[in-house]
Amino acid sequence: VRTGTSVNPGGIPKKTEPSTGDKTTPQSKPNDDVGSSGTQQARRGSTHPVPVASTCRAMIEATVDEMMKNTESTMGLLGEVMQQHAPKIVYRPKPGTILMQSKKSSPSSSGYSITRSGKDITVRVATPIDDLCIANLRLSVFSDFTPETRKLFCDRSCHLLSTRRQRGAMCIVATETRTSSSSFLPSMEDESVVGTAEISFHEFAETSLGRSRPQGSILYVTEVAVNSAKRRRGIAKLMMEAIDKVAKIRKTETIYLHVDVENIGALRLYEHAGYKKLPSDDPVFLEFTTKLNLHDGATKGRKHYLMSKDFVKKPTWLEDHNKKETFSGQTQRGTLGIEVLH
């Protein structure tokens, strides 16, 4: 995706001048599913700032300051050291593959209506052409920043998506489609991205958790985001079901994720999806959490649960896990998902 592009109401990138206005998103409700604000709010100009939690703001601003100072192509969006030469990855399922589709006019098992009249929700594997829409969805939580900072964040976010994809990560997107009354087949202009999540495995590199499980048997989920105007419609639940489908296609044994202990909506979503909290005092889990800079107090006093979901009755653990070596808690800074931001 080229610099200097934006998204039209249909979700299609088009060449335009960078926006000069601040942008806003509706304030999240306490029972919202999960995620950041959406792309439509990120595109409209407004003078009202997004209500980001004060405990997160200093961390966000410091992160963007580091992004602006660091011009190395090997540095990730949130401080992650990226590999310049990555092995060729065989993607499964392939980009564009449809994973889940909502049923019209039928409520989800959570009691929320997934669709509205004339609209469908489809969850599919993202393609590179979706990167700008994904970046805008993530960017919406920073919409009170200056236009220059917003543009920098979006540029770096698109670059990071591409770089992580080269390392094996993949995104899924939930799209809302309005069927035209004049045609049974909706055009691309009728599709907009309303949710996204990222699935990867390189976070386990050089960790005891990664060495304790067979190669290819575990995945990590992060960057879960849902358009704030589209929450409580079962979109996040549909994305979690799509993630399960990816795990089954890849014959994954376990999926891991982190969640802020105060994000009750996300915690409830993950528990309903079958995820369970893991013991924070286990040295293997503590080391992994610390590597991602999500250990207690690492980000302005915030705390996170490490959760997991098994897809087999007896997951395979190698000898390394049984050693339970003492972990000091000292490690380099890692990545931080944005699903925990309010």
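## Reading an aromatic cluster

Ring pairs link F204, Y220, Y256 and F288 into a cluster. The model is predicted.

Student: How many aromatic pairs does the structure hold?

Tutor: The structure holds six.

Student: What describes a pair of aromatic rings?

Tutor: The distance of the centres and the angle of the planes describe a pair of rings. Now the case here. The ring centres of F204 and Y256 are 5.9 Å apart, with the planes at 65°. Planes over 60 degrees apart count as edge-to-face, so the F204 and Y256 pair is edge-to-face.

Student: Where in the chain do F204 and Y256 lie?

Tutor: F204 is in the loop between β6 and α5, and Y256 is in strand β8. They are 52 residues apart, so the pair links distant parts of the chain.

Student: Is F204 buried or exposed?

Tutor: Buried means under 20% relative accessible area. F204 has 5%, so F204 is buried. Y256 has 1%, so Y256 is buried too.

Student: What are the distance and angle for Y220 and F288?

Tutor: The centres are 5.6 Å apart and the planes are at 85°, so this pair is edge-to-face. Y220 lies in strand β7 and F288 in helix α8, so the pair ties together parts 68 residues apart in sequence. Both Y220 and F288 are buried.

Student: Which ring does the charged end of R213 sit over?

Tutor: The ring of W317, with the charged end 4.7 Å from its centre. K277 lies over the face of Y305, at 4.3 Å from the ring centre.

Conventions:
Residues are numbered from 1 along each chain as its sequence is written. This is a predicted model: local features need pLDDT of at least 70, side-chain atom pairs count only at pLDDT 80 or more; totals for chains, interfaces and linings use all residues. Side-chain values use heavy atoms; hydrogens and water are left out. Rings of Phe, Tyr and Trp (its six-membered ring) pair if their centres lie within 6.5 Å; planes under 30 degrees apart count as stacked, over 60 as edge-to-face and the rest as tilted. Helices (H or I, at least four residues) and strands (E, at least two) are DSSP runs, numbered from the N terminus. Buried means under 20% relative accessible area, exposed over 50%, partly exposed in between (1.4 Å probe, protein chains only). A charge sits over a ring if NZ of Lys or CZ of Arg is within 6 Å of the ring centre and within 35 degrees of the ring normal.
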